[in-house]
Amino acid sequence: MRPIFLLFIITCLYQSHCHSQSHSHSQSHSQSQSQESIVINEIMADPTPARDLPEWEYIELYNVSEEDINLKDWELTIGSSKYHFEEDVILQVEDYLIICHEDAVEEMSRYGRCHGFKSFKVTNSGCELTLVDEEEYYISQVEFSLDWHSDDYKEEGGWSLEQIDARHPCAGKRNWGSSVCGAGGTPGTKNSISRENIIKPEVDYICFLSDNIIEVYFNQKMNVESLLDVNNYLVIETQSNPIEAHSTSNDNSSVELIFSNDFEEDRLYTLEVNNILNCKDIAADTEMKVVFGIAEEIEQNDVIINEILFNPTNDCVEYIELYNRSEKVIDISSLMVGTVKQSFPNPVDTTLKEICFVSRSLLPHSYLLLSIDGDAVKSHYVSDSECFLDLKSMPSFPNEEGRVIVCDKTSNIIDEIFYSDKMHYDLLAETQGVSLERISSERSSDAEDNWHSAAFNVNYGTPGYNISMTMNIIENNDDMIDVVPEIISPDGDGRDDNCGIYCNFDKEGYSVNIKIFDTEGNMIRELLHNSLVEYETCIFWDGCDDNKHVVTPGIYVVVTELFDLTGFMRREKDVVTVYN
């Protein structure tokens, strides 16, 4: 009996193992088959004021799989509310299902098949929608907001949000837009903005969780199997793969990578990402390489305001561009941007907005463009920069004048600018849609002559990349004063619009006068008057007189005087030619 009993035990163990393997495979297969097999395809969150559709909220589901699917025991979550499919609801291949309030079923059934729930409601301002199957696997997930609408007026109500490409739903916001159907939406039928919209996966950003753990954020939902494969990630400098990988979001758009060794401060690393797929198994065009490093404590003027658009055109939005002029990695979650009416940080006078709520790095000598709608900014200024970050809300920049600050969470000001519409180029007939750009990152934001209107050849703005008016401090020769260039054309085209008076003194403590004269000896501009300057500095002349009018073409003399308390004095004359 003992051999028979042993055989019985072995048989049971084998069958148990096979059943376990089969069940595990079945779960994996079920999840693979179910992921995005049914998609949340249209959202009517605010039906008022109604156009030609009934005044009911609804969500549309669409079956993009190759088989009919029964939704029994599935669950739809809208914000904090859960709706359970208690009976058989068969959604056939390429068929739609309108989900609405049970009182709306009769009216909404005119547009397609409906299923009603008691107390059904979609938050107007936006929320997270999730659809899970009977085994609680995520099938579809959308976290929408009002700014997903393609047109501002459609945010007021009466228009649905539609998915652009139902078969490639991984990209979130970039795969949605306002309905263009005159009725306000297309429940139960093909979306009015439907077209192919394949967006390749990319790494969005990396943040540190601890000395040996980083979190990698992608621009869309990813294939969980490829996301969690540690062999798909390599730190080039240390030639190391992570030892563990964990998904950190319901939609698998981010992953936590744990390494065996700590990363070092004051060092940059490069993460190489290969063979990773999005939720529809689409790979990136090329291998992804992203630079990251441990953030350091931020100090005043490490990050500066580099460009500001305070009076946008109707098809654009206000923006502010920041530049990390330091050698540090800066965590932008430690920063806030704001406007001040009178007395910072008085709550009545000061409006501050957090830039982001998770650790996110700004690398040395790199840019960050902040707005509420980066796509609108890119469209207007034709920028292909990847350093855009959309905020839920921005402080409002008055059109006439204002004070903008960047500060840390303890209200220490990192940089600020007092701007005015009068700082724009004098010959501009219209300043709406024209940004103010910083000329030199080495000079203070307080210097009004360190700001200039963006050039017309870049459509009056360069969000996210090197500015059109930039003049970097040159490496001076043996002369204490040097004027470059000697020929300028202050016509606003971004080429030689300014000249710089570069000072390279042998010590601190000089006071300086800088005046511009015409050939008849008339002083037409005083740039500095008995001003104490640093021993290495640069003062710019924009070709304008003291009344901010562009001078007539001709030859002009730059007279620079410097003196100190010991009685030392030196005067230099340099010639600058101005032409049209």
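Why does Ala-454 count as buried?

## Ala-454

Ala-454 counts as buried because its relative accessibility is 2%, where buried means under 20% relative accessible area with a 1.4 Å probe and protein chains only. The residue is found in the loop between strand S31 (451-453) and strand S32 (481-484); strands are DSSP runs of E with at least two residues, numbered from the N terminus. Between Ala-454 and Glu-307 the C-alpha to C-alpha distance is 9.0 Å, although the two are 147 residues apart in sequence.

## Basis of the model

This is a predicted model, in which local features need pLDDT of at least 70 and side-chain atom pairs count only at pLDDT 80 or more, while totals for chains, interfaces and linings use all residues. Residues are numbered from 1 along each chain as its sequence is written, and side-chain values use heavy atoms, with hydrogens and water left out.

## Glu-321

Strand S21 (residues 319-324) contains Glu-321. This residue is buried yet has no salt bridge (a side-chain nitrogen of Lys or Arg within 4 Å of a carboxyl oxygen of Asp or Glu). Arg-438, the nearest side chain of opposite charge, is 9.4 Å away. The side chain of Glu-321 does reach the backbone nitrogen of Gly-464, at 2.7 Å.

## The chain as a whole

The protein chain has 4 helices and 39 strands, helices being DSSP runs of H or I with at least four residues. Of its 580 residues, 52% are buried. Along the principal axes, the C-alpha atoms fill a box of roughly 115 × 70 × 45 Å.

Note on methods. Buried means under 20% relative accessible area, exposed over 50%, partly exposed in between (1.4 Å probe, protein chains only). Lys and Arg count as positive and Asp and Glu as negative; His and the chain ends are not counted. A polar contact is a pair of N or O atoms within 3.5 Å; within protein, one must be able to donate a hydrogen and the other to accept it, and residues adjacent in sequence count only if both atoms are side-chain atoms.
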